[in-house]
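Here are my notes for anyone opening this model for the first time. Have the 3D view ready and follow the points in order.

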Amino acid sequence: MSDYQVLHQTQDEYGPLIVLEDKESRILAFGENDEQSKLLKAAPHIPQHTYVQAMLLVLLYSQPKSAIVLGLGGGGLIHALRNFDAGIKLTAVELRADVIELAKRYFQLPLSKKLKVINQDAKQFLESGDHKRVDVIFTDIYSADGVDAAQVSESFIAQCAALIKADGYLVLNCWKEHSQNRELLAYLNNYFVEVRACLTGSGNWVVFAGKAKREISASGLKTKAQALSQQLDFQLARSLTRFDVWE
């Protein structure tokens with residue numbers, strides 16, 4: 001991080017908020033040697049973290065008209081989804097008001113009538129239960145210390161499932177060690193028909209839980225991934241080789 005210039009540095013009740021920049025990119029950090037979000041300034045729609053790229057594998061199975069993103073960060077996922085289809089109705093939920101402001105100020109957050117940004121704890125958002133059901137929920141709730149424990153709890157999984165349409169998906173960004181979490185897998189199997197996962201090169205365990213079973217051959221997935229890669233403007237091939245049923 002020594003090559004980066006500090007653009008912004010403050011602290012809220014949850015800890016530090018730091019924006020760093022070099023010639024090509026900007027980084028949002030929640031602590032020293034932390035990298036929550038990274039944006040390529042010339043092409044903000046291309047995710048710079050492999051876990052965000054992996055999360056977009058859900059688009060092989062779903063053509064969402066609506067989605068909820070729990071955990072905004074710098075808005076990398078929002079950028080990629082907006083580039084994929086500008087018509088998707090997106091709701092982003094972020095606990096930290098200052099993170100929302102930084103995403104707007106430094107990370108080119110693509111504001112439009114199709115994007116609703118809510119400053120609220122994701123658990124409270126889910127517990128309120130008065131939202132329209134969506135095609136996909138992406139959940140990426142992290143602090144400087146790692147994954148929020150609530151994100152892998154049964155109540156959280158159940159509340160997400162209740163908000164997802166009959167043929168929709170839940171996409172969870174977890175850590176490699178969660179691949180051994182049989183309780184998490186059991187929770188997912190209680191509410192979803194099929195569970196897949198992708199281990200990224202950065203050590204993230206990205207989980208895809210679908211309410212409907214979809215049979216796509218390996219060759220069919222490869223063909224779809226090639227077309228999707230052109231739409232997203234980056235190659236999905238590396239993520240696809242690590243993508244399989246979690247059982």
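1. A word on pockets before we start. On a 1 Å grid over the protein atoms alone, a pocket is an open set of points with protein on both sides within 12 Å along at least five of seven lines, while a cavity is a set of points where a 1.4 Å probe fits but cannot get out; lining residues have an atom within 4 Å of a point. With that in hand, the second largest pocket has 18 lining residues, and Ser-66, Lys-89, Thr-91, Lys-132 and Val-134 lie nearest its centre.

2. What you have is a predicted model, where local features need pLDDT of at least 70 and side-chain atom pairs count only at pLDDT 80 or more, though totals for chains, interfaces and linings use all residues. Residues are numbered from 1 along each chain as its sequence is written, and side-chain values use heavy atoms, with hydrogens and water left out.

3. Back to that second largest pocket. Its volume is about 400 Å³, where a volume is the space filled by probe spheres set on the grid points, which are joined across faces, edges and corners. The lining divides into 7 nonpolar, 3 polar and 8 charged residues. For these classes, Ala, Val, Leu, Ile, Met, Phe, Trp, Tyr, Cys and Pro count as nonpolar, Asp, Glu, Lys and Arg as charged, and the others, Gly among them, as polar. At least two lining residues come from each of β5, β6 and β7 (115-119); such labels are DSSP runs numbered from the N terminus, helices being H or I with at least four residues and strands E with at least two.

4. Now the largest pocket, at about 930 Å³. It is lined by 50 residues, and the closest to its centre are Phe-30, Gln-36, Tyr-51, Asp-140 and Tyr-142. Among the elements giving two or more residues to this lining are β4 (37-40), α1 (50-55), α2 (76-84) and β11 (164-175). Which element gives the largest share of the lining? That is α1, with 4 residues. By class, the lining holds 23 nonpolar, 17 polar and 10 charged residues.

5. Next, look for the open sheet of 8 strands, with mixed pairing and the order β7-β6-β5-β8-β11-β13-β12-β14. Two strands pair if DSSP finds at least two bridges between them. At the edges sit β7 and β14 (243-245), each pairing on one side only. On average, neighbouring strands here are turned by 15 degrees against each other, direction ignored.

6. Helix α3 (residues 97-106) lies across β6 and β7 and runs at about 145 degrees to β7. Helix α5 (residues 154-162) packs on the sheet too, touching β5, β8 (134-139) and β11, and its direction makes about 145 degrees with that of β11. Axes are lines fitted to C-alpha atoms, for helices over the stretch in contact, and angles run from 0 to 180 degrees between N-to-C directions; contact means heavy atoms within 4.5 Å.

7. There is also an open sheet of 4 strands, β1-β2-β3-β4 in order, with antiparallel pairing. Its edge strands are β1 (5-12) and β4. A hairpin links β1 to β2 through 2 residues, and 7 bridges join this antiparallel pair. Within it, Val-19 in β2 is the bridge partner of His-8. Further along, strand β3 (residues 25-29) pairs with β4 over 4 bridges in the antiparallel sense, with Ser-25 opposite Leu-40.

8. Is Leu-17 buried or exposed? This residue of strand β2 (residues 15-21) is buried, with a relative accessible area of 0%. Buried means under 20% relative accessible area, exposed over 50%, and partly exposed in between (1.4 Å probe, protein chains only). Leaving aside neighbours within four places in sequence, the contacts of Leu-17 include His-8, Phe-30, Arg-96, Val-99 and Leu-102.

9. Helix α2 is mostly covered, with 7 of its 9 residues buried; Leu-77, His-79 and Phe-84 are among them. In helix α8 (residues 237-241) you will find Ser-239, which is buried at a relative accessible area of 8%. Not counting residues up to four places away in sequence, Ser-239 touches Thr-50, Gln-53, Ala-54, Leu-57 and Cys-198.
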